[in-house]
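Good morning, everyone, and thank you for making time for this. I would like to walk slowly through one structure with you, so please keep the sequence and the picture in view while I talk.

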Amino acid sequence: MKRHLSEQLPLVFGHAPANGRDDLLVSDRLSAAISIVDHWPVWPSPVVIICGPVGSGKSHLAGIWREKARAEPIHPFAGSNAADIAAEKPVLFEDADRQGFDDTALFHVINSVRQNGTALLMTSRLWPMSWPVRLPDLKSRLKAATVVEIGEPDDELLGQVLTKLFADRQLLVDERLVGYVVARMERSLEAAQTIVERIDHLALARGTRPTRALAAEVLEELANTSLSD
């Protein structure tokens, strides 16, 4: 995508995404995960794993639960005190498949949670059965956990997300613009975040409001980038 000579690099003003429970966009794909968070501390098991693709809302839900349960973030690596923390309060382990963990340490965390009546919430892009777990006892514990899947977003949710992301940046956009983007974008919340960020950047650089032409430019750039990867 060629840049116009008249473009100027805009000053970067921080924008605060709305990440509270009331800001959560409810859809069928999120209903089970939202229900788990809302019904805390009445859970079907003390260990819950929320699985979903990048940008699917796992971190938003984990943040809501962390605040509600007053949970402590942990990383169960060898030699950590994660099991001791889990004995005292609810704990949160995000991106388990990406961060990695020590089998024995995670096994002790789960045992600590079960023995002391606390709770463990984990998030992951992959189902736990796909994790590279070697310890048989840990595999057994993970099979007993409650696993909640977040599916791919539909058009309605993508439209709601785009509208929210624009609003987070104090940008009011036409519904027709949102519909235009939804019909042409990659089906992910991560893509929605990237698109809104780039449209906002171009609009600031050119001193204009978000338009269909800007959106088309951004979508073409992202499509070309994807093809070249």
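Which residues in H7 meet which residues in H9? Before I answer, please keep in mind that what we are looking at is a predicted model. From H7, the residues are Leu158, Val161, Leu162, Leu165 and Phe166, and from H9 they meet Leu189, Ala192, Gln193, Val196 and Ile199.

The largest nonpolar core has 25 residues, and the members that touch the most others are Leu162, Val181, Met185 and Ile195. Two or more residues of this core come from each of helix H7 (155–168), helix H8 (175–182), helix H9 (189–206) and helix H10 (212–228), and the largest share, 8 residues, is given by H9. If you look at isoleucine 195 and set aside its neighbours within four places in sequence, you will find it in contact with Val181, Met185, Val218, Leu219 and Leu222. Apart from this core there is another one, made of 23 residues, including Leu106, Leu120, Trp131 and Ala145.

Are the faces of E1 covered or uncovered? Both are covered, with Val47, Ile49 and Cys51 buried on one side and Val48 and Ile50 buried on the other. E1 pairs with strand E4 (residues 120–124) in the parallel sense over 5 bridges, and within E4 it is serine 124 that is the bridge partner of cysteine 51. In E5, which spans residues 146–149, Thr146 and Val148 form a covered face, whereas Val147 and Glu149 form an uncovered one.

I will finish with some details of the backbone in the loops. Between helix H1 (28–38) and E1 there is a loop that holds proline 41, and the peptide bond leading from tryptophan 40 to proline 41 is cis, with omega near 5 degrees. Arginine 70, which sits in the loop between helix H2 (58–69) and strand E2 (72–73), has a phi near 55 degrees, a positive value in a residue other than glycine. Is arginine 70 buried or exposed? Arginine 70 has a relative accessible area of 70%, and because the cut-off for exposed is over 50%, it counts as exposed. Glutamine 170, in the loop between H7 and H8, also has a positive phi, near 60 degrees, and glutamine 170 counts as exposed at 75% relative accessibility.

Definitions and conventions. Residues numbered from 1 in each chain as written. Predicted model: local features only at pLDDT ≥ 70, side-chain atom pairs only at ≥ 80, totals over all residues. Heavy atoms only, no water. Core = buried A, V, L, I, M, F, W, Y, C linked by side-chain atoms within 4.5 Å. Buried < 20%, exposed > 50% of the residue type's maximum accessible area, 1.4 Å probe, protein only. Helix = DSSP H or I, 4+ residues; strand = E, 2+ residues; numbered from the N terminus. Contact = heavy atoms within 4.5 Å. Pairing = 2+ DSSP bridges.
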